[in-house]
Amino acid sequence: MGDMNKFPSVFESIDDLTFEQIRSLLTVSAQNKIRFQDRQFAPYESYRKYVVATSFLEHSTRTKHSFGLAIQKLGCMYVDFNAEKSSLQKGESIEETLLTLWYQGVDICVLRTSVSNQFSEFKNNPPIKLINGGDGINEHPTQALLDLFTLVDQGLELNGKTITIVGDSKHSRVTHSLVRLLPQFGAKVILCGPKEYLYEDKNVQLVTHLDEALAQSDILYMLRIQKERHNSPEYTKIYESYHQHFGIDLAKLKKHNKTIPVLHPGPANIGVEIASDVLKSELFLGYQQVVNSVYTRMAILMAMLENGDKTIGHKPVRL
Ligand code: NCD
């Protein structure tokens with residue numbers, strides 16, 4: 001995998017990757033998709049020696065299970081580390097927990113945590129190889145990469161195109177990764193939603209009216225309202241009128257002559273940000289994102305397993 005020997009051992013953010021590494025992940029995702037098409041199970045012999053764990057300290061359906069499938073389809077041993085029943089509950093630190101997994105023979109841990117930027121502290125001295133499966137409101141880089149692969153895989157040109165991310169971008173870690181990724185491929189990103197929900201970033205344009213955003217959009221990316229992160233009436237007062245102002249249905253899209261691709265990372269709240277007629281239509285790429293999630297996550301695991309980093313684990317202090 002070429003320049004992948006510099007692939008980071010702690011993958012926290014889209015900013016941790018070079019453009020070439022991202023391009024290479026897209027290529028390998030496509031190769032995996034061909035190799036495993038039609039539900040074929042064709043593990044790679046060379047990956048049987050590796051062990052990969054997932055540890056999810058926040059709820060998940062898609063991310064955890066697509067990593068679990070990616071790990072096993074590659075041919076690696078899969079350990080589902082149940083953090084809720086672990087010694088983390090006895091006051092053990094995350095670092096000690098990760099070191100324990102490493103000494104037990106685990107090569108990579110895919111970690112989801114509610115703490116934003118938790119991975120940064122491990123970058124200089126990784127206790128184990130780590131992949132960010134979503135850290136608080138900070139980032140969700142593997143989701144953004146599989147979204148990019150889905151767009152490319154659909155044959156959609158990004159250069160010069162406008163992608164509008166609609167919803168609670170302020171609290172959406174997926175958005176925070178997408179705005180670092182999509183402009184690298186020449187796409188313009190608009191964030192649309194009630195002003196209280198908008199994330200401010202130098203790479204984006206902010207729009208508070210859906211009509212105005214739709215008029216400029218080539219691709220839509222819908223977000224769930226991140227209610228679990230709302231702790232003030234400023235955010236909750238918007239719930240009732242949300243669908244009317246920022247939810248999409250087929251009628252709204254047709255009215256604006258915008259029968260364009262619609263992505264969603266899931267889980268979707270049907271009838272809130274997206275109506276079921278859009279979800280059931282050919283415009284909706286959400287299920288393709290799920291299909292592709294396994295192939296892109298395999299590519300990420302391959303790159304990290306093969307990066308040749310021999311510096312992982314505990315380094316005793318010399319006395
Ligand atoms: C997202 C997440 O957990 O950040 N879901 C996912 O991983 N597919 C988005 C969300 O929860 O809204």
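Is Cys-109 buried or exposed? Cys-109 is buried, with a relative accessible area of 0%. The model behind this value is predicted. Cys-192 is buried too, and its relative accessible area is likewise given as 0%. Both values fall under the 20% cut-off, which means that each residue counts as buried.

Next, the sulfur atoms. How many disulfides does the count come to? The count comes to zero. Cys-109 takes part in no disulfide. For Cys-109, the nearest cysteine sulfur belongs to Cys-76, and it lies 14 Å away.

Now turn to the ligand. Where does it sit? The space it takes is the largest pocket. Residues around the ligand include Thr-63, Arg-112, His-140 and Gln-143. Arg-173, Val-174, Arg-224 and Gln-226 are also among them. Pro-265, Gly-266 and Pro-267 belong to the surroundings as well. By type, this shell divides into three nonpolar, five polar and three charged residues.

Three side chains in the shell deserve a look at atom level. Start with Thr-63: one of its polar side-chain atoms lies 2.9 Å from an oxygen atom of the ligand. Arg-173 also faces a ligand oxygen atom, with an N or O atom of its side chain at 2.7 Å. How much of the ligand's accessible area does the protein cover? On its own, the ligand has 310 Å² of accessible area, and the protein covers 93% of it.

How values were computed:
Residues are numbered from 1 along each chain as its sequence is written. This is a predicted model: local features need pLDDT of at least 70, side-chain atom pairs count only at pLDDT 80 or more; totals for chains, interfaces and linings use all residues. Side-chain values use heavy atoms; hydrogens and water are left out. A residue is near a molecule or strand if one of its heavy atoms lies within 4 Å of it. A polar contact is a pair of N or O atoms within 3.5 Å; within protein, one must be able to donate a hydrogen and the other to accept it, and residues adjacent in sequence count only if both atoms are side-chain atoms. Accessible areas come from the Shrake-Rupley method with a 1.4 Å probe; for residues, only the protein chains shown count as cover. On a 1 Å grid over the protein atoms alone, a cavity is a set of points where a 1.4 Å probe fits but cannot get out, and a pocket is an open set with protein on both sides within 12 Å along at least five of seven lines; lining residues have an atom within 4 Å of a point. A molecule sits in a cavity or pocket if more than half of its atoms lie within 2 Å of its grid points. Ala, Val, Leu, Ile, Met, Phe, Trp, Tyr, Cys and Pro count as nonpolar, Asp, Glu, Lys and Arg as charged, and the others, Gly among them, as polar. A disulfide is a pair of cysteine sulfur atoms within 2.5 Å. Buried means under 20% relative accessible area, exposed over 50%, partly exposed in between (1.4 Å probe, protein chains only).
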